[in-house]
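Biologist: I'm new to this one. Could you walk me through how to read it, one feature at a time?

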Amino acid sequence: MTHLRLAIAGDLHGAWGAEDEHLLNQLRPDAVLFVGDLSDGDLRLTRRIRSLPHPKAVILGNHDRGRDRSGGVLRQQLTLLDGIHCAWQRLRLDPLPLSIVGGRPCSSGGGFQLSKAVEAIYGPVSLEESAQRIATAAAEVPADQPLVVMAHCGPTGLGSDPASPCGRDWKTPALDWGDQDLALAIDRIARHRIPDLVVFGHMHHQLKRGSGLRQSLVRDRRGTAYLNAACVPRRGRDTGNKLLLHLSWAEFEGPALTHLSHRWYQPDGQLMHEELLPQQEPLVC
């Protein structure tokens, strides 16, 4: 069976540069996934990601629209990312035995709504239509490949506490701030095949009210693993003031997920810290 190693970059918010590219060159993952919020519409960063010499998939986030309600900035980014942006489709990462199923682009969570910028490009799309597009794309993934779904915000149904993977933490009351269309799509997909991994960001790990960190590695009753990769800021310093870079990491043997973690690396590829998805994760939904 094919062994696949995926590097997953959470919400960048502009924090990407030569050190990150050097790290990827040291790690040599089979593919790199970007879950959105690359920047606030900075096309220089979009071009930089486009030029990476690795198989890659991108889903744009709410910040990637910039402040342009007309959709102009978003359209420019989509043009630059043509062929690697996975919204509402199955993106084949040939020649790898790997496909990425994309969710709704530029989600800001909170149920379901399209921004003016997204509607300007994609037209009006209902909750039902969005869910069906995702489910239809998933049905195209061959049975011998992993079924990986990537969105900017995660689905509803993962909890309504501030520290839940998609829990609203910036105001009270806390509630489930996930995407309804993504949850509906996952339920439809699971009637035929259980998704192996759902990857997203948007809801940052550091909680905004009070203290603590968000739960970001969970598994549901069906066995689907959920990864919130939005460790923001994704750059830090160790006790010796050496630069550390965050990436999430997934590994597959054939279609089976065998490893899921958050990792902090030095730019030379040295792994300094790892948080693993427990083998017996408490059921969350």
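Modeller: Among contacts in the chain between residues at least 6 apart in sequence, 71% join residues at least 24 apart. Before going on, keep in mind that this is a predicted model, where local features need pLDDT of at least 70, side-chain atom pairs count only at pLDDT 80 or more, and totals for chains, interfaces and linings use all residues. Residues are numbered from 1 along each chain as its sequence is written, and side-chain values use heavy atoms, with hydrogens and water left out.

Biologist: What does the radius of gyration of the chain agree with?

Modeller: The radius of gyration is taken over C-alpha atoms, and the globule rule is 2.2 Å times the number of residues to the power 0.38. For 285 residues that rule puts a compact globule near 19 Å, and the chain has 17 Å, which agrees. Along its principal axes the C-alpha trace spans about 50 × 45 × 45 Å.

Biologist: How many helices and strands does the secondary structure come to?

Modeller: Helices (H or I, at least four residues) and strands (E, at least two) are DSSP runs, numbered from the N terminus. Here you get six helices and 13 strands.

Biologist: And what share of the residues is buried?

Modeller: Buried means under 20% relative accessible area, exposed means over 50%, and partly exposed is in between, using a 1.4 Å probe and protein chains only. In this chain, buried residues make up 54% of the 285.

Biologist: Which residues of helix 6 are buried?

Modeller: First, the general idea: an α-helix has 3.6 residues a turn, so residues three or four places apart point the same way. In helix 6 the buried ones are Asp181, Leu182, Ala183, Ala185, Ile186, Arg188, Ile189 and Ala190. That makes eight of the eleven residues, so helix 6 is largely enclosed by the rest of the structure. Those buried residues pack against helix 5 (127-138), strand 6 (148-150), strand 7 (197-200) and strand 9.

Biologist: Where is Asp37 found?

Modeller: Look in the loop between strand 2 and helix 2 (43-50). Asp37 is buried, at 1% relative accessible area. Leaving aside residues up to four places away in sequence, Asp37 touches several others, including Asp11, His13, Asn62, Asp64 and His202. There is also a polar contact, 3.3 Å, between the side chains of Asp37 and His152. A polar contact is a pair of N or O atoms within 3.5 Å; within protein, one must be able to donate a hydrogen and the other to accept it, and residues adjacent in sequence count only if both atoms are side-chain atoms.

Biologist: Is Asp220 buried or exposed?

Modeller: Asp220 is buried, with a relative accessible area of 3%. You'll find Asp220 in the loop between strand 8 and strand 9. Its side chain makes a 2.9 Å polar contact with the side chain of Tyr226, and a polar atom of the Asp220 side chain lies 3.0 Å from the backbone nitrogen of Gly223.

Biologist: How many salt bridges does the count come to?

Modeller: A salt bridge is a side-chain nitrogen of Lys or Arg within 4 Å of a carboxyl oxygen of Asp or Glu. By this rule there are 13. One of them joins Glu19 and Arg235, at 3.2 Å from N to O. Glu19 sits in helix 1 (residues 18-27) and Arg235 in strand 10 (residues 235-237), so this pair links distant parts of the chain, 216 residues apart.

Biologist: Which residues do shared partners join into one network?

Modeller: Glu19, Asp20, Arg234 and Arg235 are joined that way. Elsewhere, Asp187 and Arg222 meet in a salt bridge at 3.0 Å. Asp187 lies in helix 6 (residues 180-190) and Arg222 in the loop between strand 8 (217-219) and strand 9 (225-228), so that pair ties together parts 35 residues apart in sequence.

Terms used: Contact means heavy atoms within 4.5 Å.
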